[in-house]
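Here's a quick briefing to read alongside the model. Keep the structure open and follow the topics in turn.

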Amino acid sequence: MIVSDKIGRLIADQEGWTRKMFEAAIQMRKEYGDENIYDFSLGNPDIEPPTELRNKLIDALCHPAPGMHRYMPNNGYVEVREDVAAYLQERTGLSFTPLHVFMTVGCAGAINILFKTILNEGDEVILPNPFFWEFKNYVENFGGVVRLVETDEDFQLDVEAIEQAITPKTKVVLINTPNNPTGAVYSEESLKRLAKVLYKVRKRGQEIYLVADEAYRKLVYTGEHLPDIFRIYDLVMSATSHSKDLALPGERIGYLAISPHIAEVETLVSGLMIAIRALGFVNAPALMQRVVGEFQRNSVSIADYRVKRDLVYDTLVEAGFDCVKPEGAFYMFPKSPIPDEVEFVFKMQEEERILAVPGRGFGRKGYFRLAYCVPLETIRRAIPGFLRIGKQYGGRK
Ligand SMILES: Cc1ncc(COP(=O)(O)O)c(C=O)c1O
C-alpha cells in the first residue's frame, strides 16, 4: 500500500465526516445545481476579508519593503509580534512582550508546533467532548494520548469529570471556546473552577498546561465580555488564527500566545523554533504577517453571523429539533431525532438536499453539526426542508 499503516487506518476509519460530506456536496452540485444544495457541512466562511485588509495587502505588494520575501526569525517578524503583544497586553492587562507571541501557520500550525515541543510519548491530553476531530491527530502526531471527558447537557465543561480524568501522565487540558462543533462559550465560573483543580494538582507537584484553542474568540453573540483565560490560570498557551475573525482561512496565518506567567518562556520558544522547522513550516507566511499585525482589534461582522444563528436556531426549534442555542463561533449541534445520526444526516441529504456532519465526526453520536457560515439566502431556502424533515420525525415536542 502506498500510504503508511497509520494513515491507511485513518482513511479506513472514514471518520473525517466533514470532508466526506463536502465531497458528497460536490457530487450533488453537479447533479442538482448549486442553488438547490444547502451545504452546512464545512466551516469555510462565505464572507470576504475586510476591505481595509485587502487595501493593506495591495499596498504591501505595490510598495515592497526590501527583503520582504526572505526567510525571517522562526517566530516571525518582531514588529508584527510587537503589534500582537500590545493588543494582548491591552486585553489582558498582563505584560506580554514579542517573546510571548509566536506567529504560526494558522491555529492548526500553532497547536502542532506546541504539542511537538511539550509532549513526551504517552503524555495525556484531556479533551472535553464533543471536540474538533483534528485535535486527535494533533495530539497523536507527537505520541500524546487523548483522554476524552464528556461535557454537560449544555456542552459546558464538567469540571468534576475533568478532575477525575487527571492522572500522573496528564500534561495538558485542551479547551476550545467558543467551540467547534457546539458553539458553546465556556462560562467564566467553570473556567475558574477548572483553574482551581489545576492549582490543586500543582500543589501535589504536577504542572498541567491549559492550552486554549481560541480560533473563534472574536465570534461571540452574548454581547458580554468573553472570559479571558490568561486572567484565570497561569500556565496558559492560546492558539488563535485569523481564519475566522478576518475570514482568511486559505492564507494560513495565526499565532500562539504564551502567558507572561510562564517562567520558562525562553526555553519554550527555543523548542517551538526547532519544532516549526522540524515540521517543515519554517515560519508563518511573510506577506500575511505584514498585513494582520495592525488588524488585531478588527473582526468580520458579528451582527451578520448573529442574524444567521438566530434564523437557523429559530427554524430548528420550530421544526421540533432539540438544540442548545450557541453563544459563539458559527456552528450548531442539534440532537438527531433518531439515535443513528448518520442515517438521519444521509436522509436529510437525500430528501432535502441539506448537508450536515454526523456528530460522531466530533466524538458524539446522536447529534449533527450545522455550519451556518453560508449565505443568508441559503439558510432561507433551506428552511422549508428543515421544517419538513423535523415534522416527519414528530415535529414540535
Ligand atoms: C476549533 C478549531 N481549531 C482550529 C481550526 C483550524 O484553524 P486554522 O485555519 O487557523 O488552522 C479550526 C478550523 O475549522 C477549528 O474549528
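**Quick briefing**

A search of the whole structure turns up 25 salt bridges. Keep in mind that this is a predicted model. Let's look at some of those charged pairs, then at the sheet, and finally at the nonpolar cores.

**Salt bridges**

- Start with Arg 297 and Glu 90, which form a salt bridge whose closest N and O atoms are 3.1 Å apart. This pair links distant parts of the chain, 207 residues apart: Arg 297 sits in the loop between helix H10 (286-292) and helix H11 (302-319), while Glu 90 belongs to helix H4.
- Are these two buried or exposed? Arg 297 counts as partly exposed because its relative accessibility is 48%, and Glu 90 counts as exposed because its value is 56%.
- Next up, Glu 150 pairs with Arg 364, and here the closest N and O atoms are 3.0 Å apart. Glu 150 is in strand S4 and Arg 364 is in the loop between strand S11 (357-358) and strand S12 (368-371), so to speak two distant parts of the chain, 214 residues apart.
- Glu 150 is partly exposed, with a relative accessible area of 39%, whereas Arg 364 counts as buried at 13%.
- Glu 341 and Arg 360 also meet through their side chains, at 2.9 Å from N to O. Glu 341 is buried, with a relative accessible area of 0%.
- Salt bridges can also join up: Arg 91, Glu 214, Arg 217 and Asp 228 are linked in a network of them.

**The sheet**

- Which order do the strands take? The open sheet has seven strands, arranged S2-S8-S7-S6-S5-S3-S4, and its pairing is mixed. At the edges are strand S2 (101-104) and strand S4 (145-150), each pairing on one side only. From one strand to the next, the twist averages 20 degrees.
- Strands of a sheet pair through backbone hydrogen bonds, either parallel or antiparallel.
- Strand S5 (residues 170-176) is mostly covered, with six of its seven residues buried. S5 runs parallel to strand S3 (residues 124-129), joined by three bridges, and parallel to strand S6 (residues 209-213), joined by five bridges.
- Val 173 in S5 is a handy landmark: Ile 126 stands opposite Val 173, and Val 173 also stands opposite Leu 210 in S6. To get from S5 to S6, the chain crosses through helix H8 (residues 188-203), making a right-handed β-α-β crossover.
- S3 and S4 pair in the parallel sense over six bridges, and Asn 129 has Glu 150 in S4 as its bridge partner. Together with helix H6 (residues 134-140), S3 and S4 make a right-handed β-α-β unit.
- Helix H4 (residues 78-92) lies across S2 and strand S8 (254-258), at about 120 degrees to S2. Helix H5 (residues 106-118) packs on the sheet too, touching S2, S3, S5, S6, strand S7 (236-241) and S8.

**Nonpolar cores**

- The largest nonpolar core has 118 residues, and Phe 115 and Ile 175 have the most contacts inside it. H5 gives this core its largest share, eight residues.
- Among the residues that Phe 115 touches are Val 125, Tyr 138, Phe 142 and Val 211.
- A second, separate core has six residues, including Phe 155, Phe 333, Val 357 and Phe 362.

Key
Residues numbered from 1 in each chain as written. Predicted model: local features only at pLDDT ≥ 70, side-chain atom pairs only at ≥ 80, totals over all residues. Heavy atoms only, no water. Buried < 20%, exposed > 50% of the residue type's maximum accessible area, 1.4 Å probe, protein only. Helix = DSSP H or I, 4+ residues; strand = E, 2+ residues; numbered from the N terminus. Pairing = 2+ DSSP bridges. Right-handed = clockwise from strand over helix to strand, strands pointing away. Axes fitted to C-alpha atoms, helices over the stretch in contact; angles between N-to-C directions. Contact = heavy atoms within 4.5 Å. Core = buried A, V, L, I, M, F, W, Y, C linked by side-chain atoms within 4.5 Å. Salt bridge = Lys/Arg side-chain N within 4 Å of Asp/Glu carboxyl O. Lists of a residue's contacts leave out its neighbours within four places in sequence.
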